[in-house]
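Good morning, and thank you for making time for this presentation. Please look at the sequence and the structure as I bring them up.

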Amino acid sequence: MPKWNLLRKRKLEKLFSIVYCGNMNKFNIKIAIDLVPMLPGAENGGIKILVCELLSILPKIAPDILWILLTSDDTHEDLKDYECNNVIRICVNKRHDLKNSFFIFHVLISFAKKILPLKVKKIIKQYFHTKTHNDHLNFLENNNVSLIFCPFMTSFFNNHNIPIVAIVADLQSLYNPNFFSKKENLNREINYKKIFYKAHGVITISNFVKTTILDKFNFPDNKIKVISIQTAERFPKPDYTRIKELEHIFKIKINAYFIYPANAWEHKNHNTLFKAWKILVQDLRFRDIKLICTGENNAKMHTLVGTVTKLELQNNIIFPGFLPDKDFCTLLSHSMGMIFPSLYEGFGMPVIEAMRQGIPVLCSNSTSLPEVGGDAVLMFDPLNPKSIVTSIIKIMTDKSLRQNLSVKGIIRAELYNKPYQMGQEYLNFFLDVI
């Protein structure tokens with residue numbers, strides 16, 4: 001091997017924090033999965049559950065394909081269990097180092113603002129951005145990567161020589177820009193344009209999302225594939241001894257509470273639900289009914305806690321944070337129902353998870369939720385607190401309705417219990433694009 005090639009190879013090995021995978025050339029097809037946007041915990045929402053399901057399935061159904069997981073240092077170690085004969089991890093983004101680099105860059109640009117012409121600044125910025133990605137792209141191209149799969153609706157890698165397939169989970173910011181900050185809207189707009197300009201194919205998780213893509217972008221219909229989320233049962237069986245401890249910890253009673261699993265994002269519509277709860281508990285029959293709001297314990301969730309305090313509902317609404325699967329499943333299975341007042345969903349995985357447990361579901365009559373829930377859920381107007389209250393009271397007072405929804409829910413959830421079929425659909429689409 002020429003000396004300069006050897007030096008370059010060693011540079012790449014150091015850059016990607018791996019020992020060069022000697023058997024890469026044994027695979028005719030290599031698919032890179034861009035996991036750089038993956039965050040620890042539950043901050044990515046339901047899409048992370050889908051991605052983890054795909055990471056488990058795809059290498060099994062396609063053992064003759066090399067799957068290259070492109071990670072950031074935040075989650076590189078979390079993904080080590082996916083490594084096997086045809087799966088390797090490459091840490092391509094030291095997120096904290098990158099932040100420091102960007103900080104230095106912006107300090108220099110700020111200092112030079114009055115000196116450099118706008119054109120020069122743009123050239124410097126473009127160079128900085130390109131330099132960050134060039135080695136990554138060269139590595140993928142030099143190793144004959146066949147396709148880049150971007151499951152988090154953003155493309156960290158852009159190479160005209162390698163086809164890209166992306167999942168588009170929703171276009172929410174284009175319909176509800178007020179739910180996001182200016183920076184978030186700008187980032188999403190950039191990501192959308194990247195995807196719909198660069199992608200050779202797009203996968204959506206519902207017919208509803210496909211409709212919104214065709215509404216907002218001039219993207220070919222035949223390059224959009226709808227593949228519903230199909231997941232195996234991911235929760236352990238409810239712990240019937242643990243429920244007694246949870247009753248004591250949260251001061252709840254079996255079948256005397258509802259549960260809402262959602263991060264404190266604007267579209268999850270917690271505030272309207274709290275208004276509904278204020279109306280509900282004024283009825284003496286329901287003054288002790290509790291609401292458990294699970295989700296990532298962050299600043300936004302703390303703001304919701306403050307709202308509940310102002311409404312004097314702190315004895316009725318509980319914020320346990322992000323719960324372990326065993327505790328969440330135990331609480332869900334002993335609840336009166338799962339309530340889901342979201343204003344915007346690309347799919348709605350919690351609806352399926354509750355139906356699998358035979359738990360009645362009350363949910364919004366908007367976006368993808370009617371498509372997913374069908375006639376197995378009780379729907380309400382998510383913008384109308386009284387509509388929400390009416391649905392809650394129906395569930396609490398009508399035993400036959402609860403039983404009917406429970407049976408229908410279990411049957412409907414089976415429609416979304418074919419993960420290997422989903423994996424095969426993804427694989428077929430990848431191969432069609434390649």
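Against which helices and strands do the buried residues of H11 pack? They pack against helix H8 (242-250), E8, strand E9 (290-294), strand E11 (337-340) and helix H12 (349-356).

Before I continue, a word on the basis of these values. This is a predicted model, in which local features need pLDDT of at least 70 and side-chain atom pairs count only at pLDDT 80 or more, while totals for chains, interfaces and linings use all residues. Residues are numbered from 1 along each chain as its sequence is written, and side-chain values use heavy atoms, with hydrogens and water left out.

Helices (H or I, at least four residues) and strands (E, at least two) are DSSP runs, numbered from the N terminus. Buried means under 20% relative accessible area, exposed over 50%, and partly exposed in between, with a 1.4 Å probe and protein chains only. Contact means heavy atoms within 4.5 Å.

Let me return to H11. The buried residues in this helix are Asp 327, Phe 328, Cys 329, Thr 330, Leu 331 and Leu 332. I draw your attention to Asp 327, which is found in helix H11 (residues 325-333). Asp 327 counts as buried because its relative accessibility is 11%. Leaving aside residues up to four places away in sequence, Asp 327 touches Arg 242 and Leu 246.

Next, the loop between strand E8 (257-261) and helix H9 (270-281), where Ala 264 is found. Is Ala 264 buried or exposed? Ala 264 has a relative accessible area of 10%, so this residue is buried. Not counting residues up to four places away in sequence, Ala 264 touches His 270, Lys 300, Met 301 and Leu 304. Ala 264 and Leu 304 are 40 residues apart along the chain, and their C-alpha atoms are separated by 7.5 Å.

Asn 269 also has its place in the loop between E8 and H9. Most residues other than glycine have a negative phi. Asn 269, although not a glycine, has a positive phi of about 65°. With 7% relative accessibility, Asn 269 counts as buried. A positive phi, near 60°, is also found at Glu 312, a residue other than glycine. Glu 312 is placed in the loop between helix H10 (299-310) and E10, and at 62% relative accessibility it counts as exposed.

I turn now to the aromatic residues. Rings of Phe, Tyr and Trp (its six-membered ring) pair if their centres lie within 6.5 Å; planes under 30 degrees apart count as stacked, over 60 as edge-to-face and the rest as tilted. How many aromatic pairs does a search of the whole structure find? The search finds 13 aromatic pairs. In one of them, the rings of Tyr 192 and Phe 217 have centres 6.3 Å apart and planes at 70°, so the pair is edge-to-face. This pair links distant parts of the chain, 25 residues apart: Tyr 192 lies in helix H6 (residues 182-198), and Phe 217 in the loop between helix H7 (207-216) and strand E7 (224-226). Tyr 192 is buried, with a relative accessible area of 2%.

Phe 274 and Phe 319 form an edge-to-face aromatic pair, at 6.2 Å centre to centre and 85° between the planes. Here too distant parts of the chain are linked, with Phe 274 in helix H9 and Phe 319 in strand E10 (residues 317-321), 45 residues apart. Phe 274 counts as buried at 0% relative accessibility, whereas Phe 319, at 22%, counts as partly exposed. Elsewhere, ring pairs link Trp 67, Phe 149, Tyr 426 and Phe 430 into a cluster.

Finally, the loop between H9 and E9, in which Arg 285 is found. Arg 285 is exposed, with a relative accessible area of 57%. How far apart are Arg 285 and Ile 393 in space, C-alpha to C-alpha? They are 9.9 Å apart, although 108 residues separate them in sequence.

Thank you for your attention.
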